[in-house]
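This report describes a single model, shown below.

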Amino acid sequence: MTEQPGRKRDAAATRQALLDAGAKLFAERGFDRTTVRDIADLAGVNQSLLFRYFGSKEALFEEVIARSGREHLETHPPQRLLSASLRNMLEPGGDRNRTLETYLRSSGSGDVGAVLREEIGQEYARILATLTDAPDAELRADLALAWLMGIGVVREITGKQPLAGADPDDIVRLVLTAVRTLLERAE
């Protein structure tokens, strides 16, 4: 038996359930502390299906990050990418995009970190660099992205106050005011 009783066999639905379960658990626990068994249990399928559809936990992780990152990049214009990413990161619970949180919780995981840097860092930085005409646009974009990640670490991982408890609107307002000195077309 490959799927739990009572579940109709649907490859697309099973694959989606594994992606959703992986996204949730990787964000909550990071890559290393998430097991194939936990992902399969949350998805309601046998863990052998994870290997059938993705080949490995690493491949599932890469697809989770790539999917989420692509969706975020495709749904936000460049000038609003930073503010949308920041707002998304600051939203409590719910169905928020947890790519940055997943990145932060998994960045020390060897080869997985390399995939994340490729998928998230380079593409986001490339797009953010288009928001300035300054000759050091790439550096400016990296600085803005580093600030975003730093906010994520302090707020989501360490829980340091007052940032962890600050109103999201206040954070966005203050950060965007400062970021516009680097990326003048950021909104």
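## The loop around Pro162

Pro162 sits in the loop that runs between helix 8 (137-158) and helix 9 (168-179). The model is predicted, and in it the peptide bond from Gln161 to Pro162 is cis, with omega near 10°. As background, most peptide bonds are trans.

Side chains of opposite charge can pair when their charged atoms come close. The structure holds ten salt bridges. One of them joins Glu63 to Arg15, with 2.8 Å between the closest N and O atoms. This pair links distant parts of the chain: Glu63 belongs to helix 4 (residues 57-75) and Arg15 to helix 1 (residues 11-29), 48 residues apart. Glu63 counts as partly exposed because its relative accessibility is 24%, and Arg15 is partly exposed too, at 28% relative accessible area.

Arg67 forms a salt bridge with Asp20, where the closest N and O atoms are 3.3 Å apart. Arg67 lies in helix 4 and Asp20 in helix 1, so this pair ties together parts that are 47 residues apart in sequence. Asp20, with a relative accessible area of 39%, is partly exposed.

Arg185 is partly exposed, with a relative accessible area of 33%. Asp133 has a relative accessible area of 65% and is exposed, because the cut-off for exposed is over 50%.

## Helix 4

How far does helix 4 reach from its first C-alpha to its last? The distance is 27 Å for 19 residues, close to the 27 Å expected at 1.5 Å a residue.

The buried residues of helix 4 include Leu60, Phe61, Val64, Ile65 and Leu73.

## Gln122 and Ala141

Gln122 lies in helix 7. Its relative accessible area is 47%, so Gln122 counts as partly exposed. The C-alpha atoms of Gln122 and Ala141 are separated by 9.9 Å, and the two residues are 19 residues apart along the chain.

## The chain as a whole

The protein chain has nine helices and zero strands. Read from the N terminus, its elements run α-α-α-α-α-α-α-α-α.

Of the 187 residues in the protein chain, 45% are buried. Among contacts with a separation of 6 or more, 68% are between residues 24 or more positions apart. The accessible surface of the protein chain comes to about 9700 Å², and carbon and sulfur atoms account for 51% of that area.

Terms used. Residues numbered from 1 in each chain as written. Predicted model: local features only at pLDDT ≥ 70, side-chain atom pairs only at ≥ 80, totals over all residues. Heavy atoms only, no water. Helix = DSSP H or I, 4+ residues; strand = E, 2+ residues; numbered from the N terminus. Salt bridge = Lys/Arg side-chain N within 4 Å of Asp/Glu carboxyl O. Buried < 20%, exposed > 50% of the residue type's maximum accessible area, 1.4 Å probe, protein only. Expected span 1.5 Å × (residues − 1). Contact = heavy atoms within 4.5 Å. Areas by Shrake-Rupley, 256 points an atom, 1.4 Å probe, with all protein chains shown as cover.
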